[in-house]
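Subject: Structure for your review

Dear colleague,

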Amino acid sequence: MVDMNTPDAKAVSLTIAGDKEAFAVIVARYTERIYRMALYILGNEQDAMDLSQDAFIRAYRNLKRFDVSRPFFPWFATILRNLCYNFLRRRKRKQTYNIEDFQIAEPSSPSSPSSPCAGIAVETKIVLNRALSELSPQAREIIGKFYFEQLSYAEIATELDIPIGTVMSRLYYARKHLKDRFIREAR
Amino acid sequence: MKHEHYKHLLLRVVDGVATAEEREEFTAHIRSCEECHREYGEFKNLEEFMSAVKLKDLSEDARSAYWHSLYNRLERGIGWIFLSLGAILLLGFGGFMLIREFITDPTVSVILKIGVCVLLAGFVVLLVSVLKERLFVRKYDKYSKEVKL
């Protein structure tokens with residue numbers, strides 16, 4: 001019998017043995033996380049939906065090759081990441097980042113005129129999407145993990161299997177790009 | 001910002017993870033460095049803005065639709081495998097019979113037979129070349145070390 005408390009390794013073993021319920025548990029556990037990850041990289045809800053499902057399908061078909069003594073999510077995330085990068089490379093025309101699911105709250109305190117918070121409106125979502133479009137997929141992924149999943153530098157480094165200094169460096173340049181873009185738009 | 005060291009320090013201070021000594025060092029630096037001081041203010045503003053941006057959670061309906069769509073795609077995948085295998089077998093057999101019939105037909109001129117054979121040979125060479133390229137690209141794909149499937 002499997003439920004949401006069943007550890008990944010057991011759910012994977014049961015799925016390999018043919019238990020579809022166990023796979024449903026894996027899907028329920030990681031749907032949100034993997035969908036969001038695809039969304040950060042691709043910037044489009046429909047593509048994120050399709051490719052995150054592709055990742056589940058590919059993982060399902062290759063579960064026998066997964067070493068159950070290792071954590072499941074990094075393996076699974078690598079499948080998704082590569083599907084997304086291959087998809088972006090194959091796509092000839094650059095698609096604009098277009099995430100409708102951003103919710104932008106009003107700032108708690110008034111900001112200075114040069115602040116990116118000034119004049120928050122519907123347009124802000126467009127500017128944010130535009131600024132994110134201009135980043136590399138890797139930078140967008142780091143920005144997503146940092147701001148929307150609120151992971152620490154160390155957690156991002158572990159998830160992406162890169163040194164913490166690289167995380168900080170990529171974060172610095174990605175955030176610098178965002179702030180410069182907002183300042184330009186505010187003028 | 002010219003100072004690589006302060007660039008990392010700036011982020012640590014903005015994100016509130018800097019130690020007391022690091023904060024002190026950075027504060028002392030921005031007193032004498034206008035560029036870093038300005039950059040610090042801009043980053044603080046960005047943080048204020050980004051902290052107000054959230055992504056909506058997937059609704060229950062969306063989650064349910066996601067699972068159903070995924071399950072259907074998994075089922076359809078098995079169907080596609082059988083369909084493809086059957087089509088390959090039938091097309092292969094049909095093609096073989098057609099060519100054999102054509103080659104052994106005494107009413108067809110030799111020139112035409114040679115022409116068709118050369119055409120088929122060209123097709124086979126192109127097919128093999130494309131397959132080789134696909135395998136080559138896959139082998140040396142810069143992400144291939146990450147995709148182990």
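How many residue pairs are in polar contact between chain A and chain B? The count is 20 residue pairs, with both residues at pLDDT 80 or more. Please note that this is a predicted model.

On the side of chain A that touches chain B, at least two residues come from each of the following elements: α2 (20–42), α3 (45–61), α4 (72–90), β1 (102–104), α5 (122–133), α6 (137–148) and α8 (164–186) of chain A. By class, this side of chain A comprises 35 nonpolar, 17 polar and 14 charged residues.

As to the extent of the interface, 66 residues of chain A are in contact with 40 residues of chain B. The two chains bury about 4,900 Å² between them, and carbon and sulfur atoms give 63% of that area.

The interface of chain A and chain B also holds eight salt bridges. One of the salt bridges in the model joins the side chains of R175(A) and D15(B), at 2.5 Å from N to O.

Over all chains, the whole structure has 19 salt bridges. Among them is a pair within chain A, in which the side chains of R29(A) and D8(A) meet at 2.5 Å, N to O. This pair links distant parts of the chain: R29(A) lies in helix α2 and D8(A) in helix α1 (residues 8–16), 21 residues apart.

Finally, the surface carries a nonpolar patch formed by F123(B), V124(B), L127(B), V128(B) and L131(B), which together have about 480 Å² of accessible area. Of these residues, L131(B) is placed in helix α5 (residues 110–139) of chain B.

Yours sincerely

Methods: Residues are numbered from 1 along each chain as its sequence is written. Chains are lettered from A and ligands numbered from 1 in the order in which they are written. This is a predicted model: local features need pLDDT of at least 70, side-chain atom pairs count only at pLDDT 80 or more; totals for chains, interfaces and linings use all residues. Side-chain values use heavy atoms; hydrogens and water are left out. Contact means heavy atoms within 4.5 Å. Buried area is the accessible area (1.4 Å probe) that two parts lose on being put together, summed over both. A salt bridge is a side-chain nitrogen of Lys or Arg within 4 Å of a carboxyl oxygen of Asp or Glu. A polar contact is a pair of N or O atoms within 3.5 Å; within protein, one must be able to donate a hydrogen and the other to accept it, and residues adjacent in sequence count only if both atoms are side-chain atoms. Helices (H or I, at least four residues) and strands (E, at least two) are DSSP runs, numbered from the N terminus. Ala, Val, Leu, Ile, Met, Phe, Trp, Tyr, Cys and Pro count as nonpolar, Asp, Glu, Lys and Arg as charged, and the others, Gly among them, as polar. Patches are made of residues with over 30% relative accessible area and no salt bridge: like charges are joined within 9 Å, nonpolar side chains (Val, Leu, Ile, Met, Phe, Trp, Tyr) within 5 Å. Accessible areas come from the Shrake-Rupley method with a 1.4 Å probe; for residues, only the protein chains shown count as cover.
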